[in-house]
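Subject: Structure handover and notes

Dear colleague,

I am passing on the structure below, together with notes on what was found in it. Please read the notes with the structure open beside them.

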Amino acid sequence: MLKGRLRIPESASDILEGLETIIIEIVQTFNPISIVVTGSLAEGRFVRGLSDVDLLVILGRPVPESERFMLRTVKDVDVEITLVSVEELKRAVAEGRDFYIQALRSGIVVYGGDPNDYVGC
């Protein structure tokens, strides 16, 4: 699922299977519209020991505060998961919130449709 979509440095190739497991769990639990890998991994700047993995999960429903942020670990790498509704994402982009704008511009969709189709960035 991920190997052909992400430029994974050799030093991080051992996290692919665990990352795919997390994505499958997110799909089964939240039924997202889209999942985007963003940040250093998407931009080819991932450095083992310094970088984490950022996932933006876009839902077609409001996200309760208790579900908004999750932290998982694959081997020694933190996986930061941010859940947001389409409406919240539109608002965040309109407000100029950098994390969301960068996710739309340079993120890599690993599940579902292109979020730019719903947001336009």
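Leaving aside its neighbours within four places in sequence, which residues is Ala 12 in contact with? They are Phe 46 and Arg 48, where contact means heavy atoms within 4.5 Å.

Before going further, please note that this is a predicted model, in which local features need pLDDT of at least 70 and side-chain atom pairs count only at pLDDT 80 or more, while totals for chains, interfaces and linings use all residues. Residues are numbered from 1 along each chain as its sequence is written, and side-chain values use heavy atoms, with hydrogens and water left out.

To return to Ala 12, this residue sits in the segment before α1, and its relative accessible area of 0% makes it buried (under 20% relative accessible area is buried, over 50% exposed and in between partly exposed, with a 1.4 Å probe and protein chains only). Helices (H or I, at least four residues) and strands (E, at least two) are DSSP runs, numbered from the N terminus. Although Ala 12 and Arg 48 are 36 residues apart in sequence, their C-alpha atoms are 6.5 Å apart in space.

A salt bridge here is a side-chain nitrogen of Lys or Arg within 4 Å of a carboxyl oxygen of Asp or Glu, and the whole structure holds 8 of them. One of these salt bridges joins Arg 45 and Glu 43, at 2.6 Å from N to O; Arg 45 is partly exposed at 49% relative accessibility, and Glu 43 is partly exposed at 27%. Another joins Arg 68 to Glu 65, with the closest N and O atoms 3.6 Å apart, and here Arg 68 counts as buried at 12% relative accessibility, whereas Glu 65 counts as exposed at 61%.

In α2, which spans residues 86–94, the buried residues are Val 86, Glu 88, Leu 89, Ala 92 and Val 93. They cover an arc of only 160° around the axis, so they lie on the same side of α2, the arc being that of the directions from the helix axis to the C-beta atoms. These buried residues pack against β2 (53–59), β4 (77–85), α3 (98–106) and α4 (116–119). Also in α2, Lys 90 and Glu 87 form a salt bridge, their closest N and O atoms being 3.6 Å apart, and as they are 3 residues apart in the helix, about one helical turn separates them.

Some backbone angles deserve a look as well. Most residues other than glycine have a negative phi. Asn 31, however, has a positive phi near 50°; this residue lies in the loop between α1 (16–30) and β1 (34–38) and is exposed, with a relative accessible area of 59%. Lys 75 likewise has a positive phi, of about 55°, and is found in the loop between β3 (69–74) and β4, where it is exposed at 56% relative accessible area.
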